[in-house]
Amino acid sequence: CGAIFGLDLAHAVGNVPLELHAWGVDFAVFCSYKYLNSGPGGLGGIFIHEKHFDSSPRDSDSSSNIGAKLGGWWAQRIDKRFAFPIKDRFDPVQ
């Protein structure tokens, strides 16, 4: 399986060409206050390679795929969105 490879791009984003997907980077984080010319309180971001996503829900003990874990409220089926208590299983939009 190999190691997960992540980068801190605070000094790179907006400064040098980046090809994160082509390079096979698993994830990267960046800020916008340096070379994207934002200021204090500027947005940050994260890149997650598409190989970590698919449309199937995962068991809670599986770390091989993070797609469903990052789905958020809007990835949940509309009839179950914001329903409480939150059930143990993610029910994705189809």
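The model is predicted, so local features need pLDDT of at least 70 and side-chain atom pairs count only at pLDDT 80 or more, while totals for chains, interfaces and linings use all residues. Residues are numbered from 1 along each chain as its sequence is written, and side-chain values use heavy atoms, with hydrogens and water left out.

**Whole chain.** One helix and three strands are present, following the pattern β-α-β-β along the sequence. Helices (H or I, at least four residues) and strands (E, at least two) are DSSP runs, numbered from the N terminus. Of the 94 residues, 21% count as buried, that is, under 20% relative accessible area with a 1.4 Å probe, protein chains only.

**The sheet.** Select the three strands next. They form an open sheet in the order E1-E2-E3, with mixed pairing. Strand E1 (6-8) and strand E3 (44-48) lie at the edges with a single partner strand each, so one side of each has no neighbour in the sheet. Two strands pair if DSSP finds at least two bridges between them.

- E1 and E2 run parallel and are joined by three bridges; Gly 6 has Phe 27 in E2 as its bridge partner.
- Strand E2 (residues 27-31) pairs with E3 in the antiparallel sense over five bridges; Phe 30 stands opposite Gly 45 in E3.

**Ala 28.** Which residue of E3 is the bridge partner of Ala 28? It is Phe 47. Now show the contacts of Ala 28 (heavy atoms within 4.5 Å). Leaving aside neighbours within four places in sequence, Ala 28 touches Leu 7, Leu 9, Leu 20, Gly 45, Ile 46 and Phe 47.

**The core.** Select Leu 9, Ala 12, Leu 20, Val 25 and Ala 28: these five residues make up the largest nonpolar core. Such a core is a set of buried Ala, Val, Leu, Ile, Met, Phe, Trp, Tyr and Cys residues joined through side-chain atoms within 4.5 Å.

**Confidence.** Finally, colour by pLDDT, the predictor's confidence in each residue, from 0 to 100. The chain averages 76, and 59% of the residues score at least 70. Among the elements, E1 has the highest mean pLDDT (95) and E3 the lowest (91). Over residues 59-65 the pLDDT is below 50, and this stretch has seven contacts in the model beyond near neighbours in sequence. Where pLDDT is low, the predicted coordinates should not be read in detail.

Notes: Buried < 20%, exposed > 50% of the residue type's maximum accessible area, 1.4 Å probe, protein only.
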